[in-house]
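Dear colleague,

Here is the structure I promised to pass on, followed by notes on what came out of going through it. Please read them with the model open beside you.

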Amino acid sequence: MPELPEVETIRRGLVRKITGRLIVDVSFGSRDAIRRIINMPPKKFLRKLKRRKITGLRRRGKFIIFELESHFLVIHLGMTGQLTLRDPRKNDEPFVRHPATGLQRTRQHPPDRHTHVAFFLENGNSLLYRDTRQFGRMFLVRSADYKDFFGKLGLEPFTPQYRLCAFAERLKKRRLPIKALLLDQSFVAGVGNIYADEALFEAGIHPARLACSLLPDEQERLFKALSLVLRRGIRYGGTSFRDYVNAQGETGQNQEDLRVYGREGQPCFRCGGPVTKIMLRQRGTHFCSACQRPHPY
DNA sequence: CGTTGATCCTGGGCGC
DNA sequence: TGCGCCCAGGATCAAC
């Protein structure tokens, strides 16, 4: 589910509301789900979090990172993870799936069978972690281990380290389809299936091209396309295809602005030809077969 | 070493 | 209505 723009949108929606707050309690859902999601016994997790103050909120790739006093709580939302705030003074609304779009409409909701962790804050609000498919993970990382934890993660877009020369150098070493490389978090952090397809379309590059075969101007177009589509995703509050909601429980708007993802058979915005969908490494892959040629010559 | 495909889950949608 | 199958914003890991 959530790629860099979605995680960043959640972060921005939470940062003012939880920074400086104390975690007074943590409650858990079903045992089996908790064992998968948290990297330690729940009692230990609770002991380490109780009475801790949240001093800040960061993001690295698709990870959202809660700064505590001696630790970081690192959360990866997997495919269907949701982090939402619940204010007991406001009314709850049930999850409602829109019959036509399939999108969920909700503001805040009470915990249900997919709500696996609730963090209770001293101001009465709670932060709910809900995850239908249970692919998300939470880690408590000691401050000293922080760098190590993210050691293998790749270039971070929108930072000074995200530079064309580093990008091109990494590209040249890899002999696999460029789409597959874009999904590899040790290359560029934060890119997932939607934004990989969107960036390749913007750059006019066929998803099955071998990464090492990209010509210099293609490398540069892809480098720029990635930051373009990610920035656009953030500006529109993320892409809601199914489960993604922001910290307030609202869907994003970026699905209205996608060029190829989810548009199979519909006209390419550039040439008018039909958008093609193929399976590449078990992932749905959308592109325009006229604008994104399999061979550059 | 690098690359690949199976696997972990639940649920929605489709064909029969 | 129901069943079986395929698909879904992801990442890990055994096997080549």
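A polar contact, as the term is used here, is a pair of N or O atoms within 3.5 Å; within protein, one must be able to donate a hydrogen and the other to accept it, and residues adjacent in sequence count only if both atoms are side-chain atoms. By that rule the side chain of T80 reaches the backbone nitrogen of R133 at 2.9 Å, and a polar contact of 2.7 Å joins the side chains of T80 and D131.

Please bear in mind that this is a predicted model, in which local features need pLDDT of at least 70 and side-chain atom pairs count only at pLDDT 80 or more, while totals for chains, interfaces and linings use all residues. Residues are numbered from 1 along each chain as its sequence is written, chains are lettered from A and ligands numbered from 1 in the order in which they are written, and side-chain values use heavy atoms, with hydrogens and water left out.

T80 is found in the loop between β5 (71-76) and β6 (81-86), where strands (E, at least two residues) and helices (H or I, at least four) are DSSP runs numbered from the N terminus. With a relative accessible area of 6%, T80 is buried, a word that stands for under 20% relative accessible area with a 1.4 Å probe and protein chains only.

As for α8 (216-235), this helix has 20 residues and reaches 29 Å from its first C-alpha to its last, close to the 28 Å expected, the expected span being 1.5 Å times one less than the number of residues. Its buried residues include L222, F223, L226, V229 and L230, and what covers the buried residues of α8 includes α1 (4-18), α5 (164-172), α6 (178-183) and α7. Just after α8, G237 takes a positive phi of about 75°.

The search for cavities (on a 1 Å grid over the protein atoms alone, sets of points where a 1.4 Å probe fits but cannot get out, with lining residues having an atom within 4 Å of a point) finds two of 30 Å³ or more in the whole structure. The largest cavity, with a volume of about 40 Å³ (the space filled by probe spheres set on the points, which are joined across faces, edges and corners), is lined by Y195, E198, V229, R232, G233, N254, D257 and L258. The largest share of that lining, three residues, comes from α8.

The second largest cavity has a volume of about 30 Å³ and is lined by I23, I54, F66, L73, F119, L121 and L127.

With best wishes

How values were computed: On a 1 Å grid over the protein atoms alone, a cavity is a set of points where a 1.4 Å probe fits but cannot get out, and a pocket is an open set with protein on both sides within 12 Å along at least five of seven lines; lining residues have an atom within 4 Å of a point. Buried means under 20% relative accessible area, exposed over 50%, partly exposed in between (1.4 Å probe, protein chains only). Contact means heavy atoms within 4.5 Å.
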